[in-house]
Amino acid sequence: MYLEHFGLEQQPFTITPDTEFFLDHGRHKEALNVIEYALFSGEGFIKVTGEVGTGKTLLCRKLLNSLGDGFVTAYIPNPFINPISLRMALASELGVDYPRNIGQPRLLELINERLMQLHAGGRQVVLLLDEAQALPDDSMEALRLLSNLETEKAKLLQVVLFGQPELDQRLEQEHLRQLRQRILFSYRLQPLTRAELGVYIQHRLLVAGYRNGQLFTPRALQRLQRDSRGIPRLVNVLAHKAMLCAFGRGDRVIDAAHIRRASADTDDIRPRRHRLALASSLFGVLTLTGAGFYLAWH
C-alpha cells in the first residue's frame, strides 16, 4: 500500500488495539496509573468508562500485559452472559478443572479454593471485563457476590470493569446500589485534546518506523481534531484514509485537504448528503492507484 511511499515499516493507524502503539502519555497513562494503584492497594472494584473508540480495549490489553508475576488475570471480553456462564468463564480462566454438569454451589467452592490457593502463594487475582455495560443485571449481582470471597484481611478477587458511559447510567439504578458502592476507584477516558492529538499522531508514526520529519501539517492536525472529535478510533480511520489519498496523488505531506476528503468518505463524520458529494474525489484517486487496497482495509 503506502508503506514504501512514506518510509514506514508497518501501518501506523490500524483500528486493531495493538499494545505496541499504546501512548504512555496523557490521559491513557493516567488511567493506567489509577488502575495499577488501585490493584496494588488491594481494592475490590475499579471502573473505567469512555465513549466508543476512546481506547478502553487497548487500555485493558495494556493492563493485561503490564501486570507482573504477582498477579493472575482472568479476562472476559464479551460479558453478555448469564451468571452460570460468568462463573464458568472465571473458573476456566483460573485453570479450575470441573465437569460440565457440575452444580453451581460446587463450582463456587472450587473457585474459592483456587483463589485461596493463589492467595496463599502471594498472588492477587484480577478479573477484567471489557464492554461491561452489556453485563445483565443478574450477572452483575453474581459478580458482586464473587467479590465477597475474601480473607479477614484481603479480597481474593479484584474486578476491573471497562465500559461505555451506559455503564454509569446502569449503576445508578437502585437495585444495583450495592455493586455501585463497592466501586472505590473510577476513571473516565476523555477524547484527545488538540495538543494530545499531535503527540498521538507522532507517536504512532514513530512506532511504525517513520523518520522523515513532520508528516501532518498543523492545519491537517487541526482539521483532524475537529472532524474526529478527538476520538482515537476516528483519528486512526481518518489518518489512514488521508494517507491513502496522499499516496494516490503522489503527495509526501498530509494537509487539510487530504483530511477533508477522508472525512467525506467516513461514517459518523458528516451527514450522508455531504459524504456523497465529496467522497468521489477520494475514490477517484484510489482507483488510479489500486482501489483494491482500500477496499481490503475495510
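**View 1. The largest nonpolar core has 37 residues.** A nonpolar core is a set of buried Ala, Val, Leu, Ile, Met, Phe, Trp, Tyr and Cys residues joined through side-chain atoms within 4.5 Å. Buried means under 20% relative accessible area (1.4 Å probe, protein chains only). L94, L127, L129, L143 and L161 have the most contacts inside this core. Two or more residues each come from β2, α4 (83-93), α5 (104-120), β3, α6 (137-146), β4 and α7 (166-171). Helix α5 gives the most, with five residues. Helices (H or I, at least four residues) and strands (E, at least two) are DSSP runs, numbered from the N terminus. The model is predicted: local features need pLDDT of at least 70, side-chain atom pairs count only at pLDDT 80 or more, and totals for chains, interfaces and linings use all residues. Residues are numbered from 1 along each chain as its sequence is written, and side-chain values use heavy atoms, leaving out hydrogens and water.

**View 2. The surroundings of L143.** Contact means heavy atoms within 4.5 Å. Setting aside neighbours within four places in sequence, L143 touches F45, L86, L127, L129, L135, V159 and L161.

**View 3. Another core lies apart from the largest one.**

**View 4. Helix α3 (residues 56-66) and its packing partners.** Its buried residues are K56, L58, L59, C60 and L63. They pack against α2 (26-41), β1 (45-50), β2 (71-76), β3 (124-129), β4 (158-163) and β5 (183-189).

View 5. C60 has a relative accessible area of 0%. C245 also has a relative accessible area of 0%. The whole structure holds zero disulfides (pairs of cysteine sulfur atoms within 2.5 Å).

Key. Buried means under 20% relative accessible area, exposed over 50%, partly exposed in between (1.4 Å probe, protein chains only).
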